[in-house]
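Q: I'd like to learn how to read a protein model, one feature at a time. Please give me the idea first and then the case here.

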Amino acid sequence: MPSRFIPGFSKLSKEEKLRIISSELEDKKHFYQDIESLNHSDPEMQSRLEKFSENTLGNFPLPYGIAPNFLINNKFYTVPMVTEESSVVAAASAAAKFWSENGGFHAEIKGTIKIGQLHFCWFGEKSYLLESMDKLKSFLLKNTLHITKSMKERGGGVTGIELLDFTDRLDKYYQLRVSFLTSESMGANFINSVLEEMALLMKEYFSGEGKQESLEIIMSILSNYTPDCLVECHVEAGLKAFEPFTGTGKEKEFARRFKMAVDIAGIDTYRAVTHNKGIFNGIDAVALATANDFRAVEAAGHAYAARSGSYSSLSSVDLTDRAFRMKLELPLAIGTVGGLTRLHPIAKWSYEILNKPNVEELMMIIASAGLASNFAAVRSLVTSGIQKGHMKMHLVNILSSLNASASDQKKAIEHFKEHRVTYHEVKEYLASLKNSQ
Ligand code: MEV
């Protein structure tokens, strides 16, 4: 791989890019073969995929899986998930099945407001700026109608503009915090277009007042922190429901240990991050399968987890002598239209598989997948431990990486039903098969 400055890389053809990148690879031939073998058979589709990003050499496939049996607000969903991590889909599926037999997931939307920010410095009189606000807001709203009109027709648009004064923390710095409803779309492009137009309008407004020298626009961009675009999801059951996991008589102990594990994530950041990562195992997988911006979802979720001032669990458990209730609440700024939602050849099928949910329904599905993943992880952690199930699932990856033949793989899978899976043990076992031939 050339570890040097590569001038004009983006201007090169794909063939030239491949040539440069492969030029110093040891096994150039197999690099080409692997890239080529994963190209789409339809050149038009391949070209579409390549245009999603830049400097594209080929495709990087991830498994597209299904977690069936999600009962959410009394409706069944079959949930597509994209993840590279073994056990995630199996664990979410197992939790979905369990909760489908125990009332399912109960989800509700607590808000769908998104935020955009216009950051600026004001060098004039503060009182003048404050007095100008009402007139300025009307000016901005009226003169952005050409951008907001069609979103308004779909029930969205700008819902408020607020002036925030940060001058006590940053000299001269103010912000217009603009709130939006973006209907079925995530709305990033819409919000950013409106904000950039507002920035120009603000300059125009203050120029008209002879105050152009007082204003400096710093930047206009949406905020990925969306605490008012919020979904809540919970599961609840009598403790008896846990009998299949624990055997008779141990349900209470299981529930107590489970709550303790969640409470630990409530007070300890080191544990909370791992706990929430388990939640995002489910959330990201559905966000990816529906071509949503999982980085935005993650960023907002983690910021929400720290809203009290210290980073904490996104889920919580209420436990009484008889009943267990587990809740997950998090912001989810997603869309069912726009972006790659319909352009991605597989994402569009995810919407079909999910029975064409609207955006609020999709928020509830994604939250349920997060809660299912969290429930499954904590359940394993407080009982058998995570490695038993995980390594069983990972066994196939280990066998593939050791180039085990199909028949050896079959034997190994049988053998490791009764034995602990480690890379070393699997290697030894395969060697023993060879020796016994
Ligand atoms: C692994 O991907 C996720 C877990 O670490 C989550 C957790 O610890 O709760 C198992």
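A: The cut-offs are under 20% relative accessible area for buried, over 50% for exposed and partly exposed in between, with a 1.4 Å probe and protein chains only. Keep in mind that this is a predicted model, where local features need pLDDT of at least 70 and side-chain atom pairs count only at pLDDT 80 or more, while totals for chains, interfaces and linings use all residues. Residues are numbered from 1 along each chain as its sequence is written, and side-chain values use heavy atoms, with hydrogens and water left out.

Q: How many aromatic pairs does the structure hold?
A: A pair of aromatic rings is described by the distance of the centres and the angle of the planes. Rings of Phe, Tyr and Trp (its six-membered ring) pair if their centres lie within 6.5 Å; planes under 30 degrees apart are stacked, over 60 edge-to-face, and the rest tilted. This structure holds 28 such pairs. Take Phe70 and Phe105: their centres are 5.4 Å apart and their planes at 25°, so they are stacked. The two residues come from distant parts of the chain, 35 residues apart, with Phe70 in strand β1 (residues 64-72) and Phe105 in the loop between α4 (88-100) and β3 (106-112). Phe70 is buried at 0% relative accessible area, and Phe105 is buried at 1%. Trp122 and Tyr128 are stacked as well, at 6.2 Å centre to centre with 10° between the planes. Trp122 is buried, at 2% relative accessibility. There is also an aromatic cluster whose members include Phe98, Trp99, Phe242 and Phe324.

Q: Which residue lies over the face of Tyr128?
A: A charge sits over a ring if NZ of Lys or CZ of Arg is within 6 Å of the ring centre and within 35 degrees of the ring normal. Over Tyr128 you'll find Lys211, at 4.6 Å from the ring centre. Elsewhere, the charged end of Lys17 sits over the ring of Phe9, 5.9 Å from its centre.

Q: Is the pairing in the four-strand sheet parallel or antiparallel?
A: Strands of a sheet pair through backbone hydrogen bonds, either parallel or antiparallel. Here the pairing is antiparallel, in an open sheet with the order β3-β8-β10-β9. Two strands count as paired if DSSP finds at least two bridges between them. At the edges stand β3 and β9 (315-319), each with a single partner, so one side of each has no neighbour in the sheet. From one strand to the next, the twist averages 15°.

Q: How many bridges pair β8 with β10?
A: Nine bridges pair β8 (residues 229-238) with β10 (residues 323-331). In β10, Phe324 is the bridge partner of Ala237, and Met326 stands opposite Val235. Helix α10 (residues 269-289) packs on the sheet and touches β9 and β10, its direction making about 75° with that of β10. For such angles, axes are lines fitted to C-alpha atoms, for helices over the stretch in contact, and the angles run from 0 to 180 degrees between N-to-C directions.

Q: What joins β9 to β10?
A: A hairpin does, through three residues. The two strands run antiparallel and share five bridges; for one of these strands, β10, Lys327 is the bridge partner of Ser316.

Key: Contact = heavy atoms within 4.5 Å.
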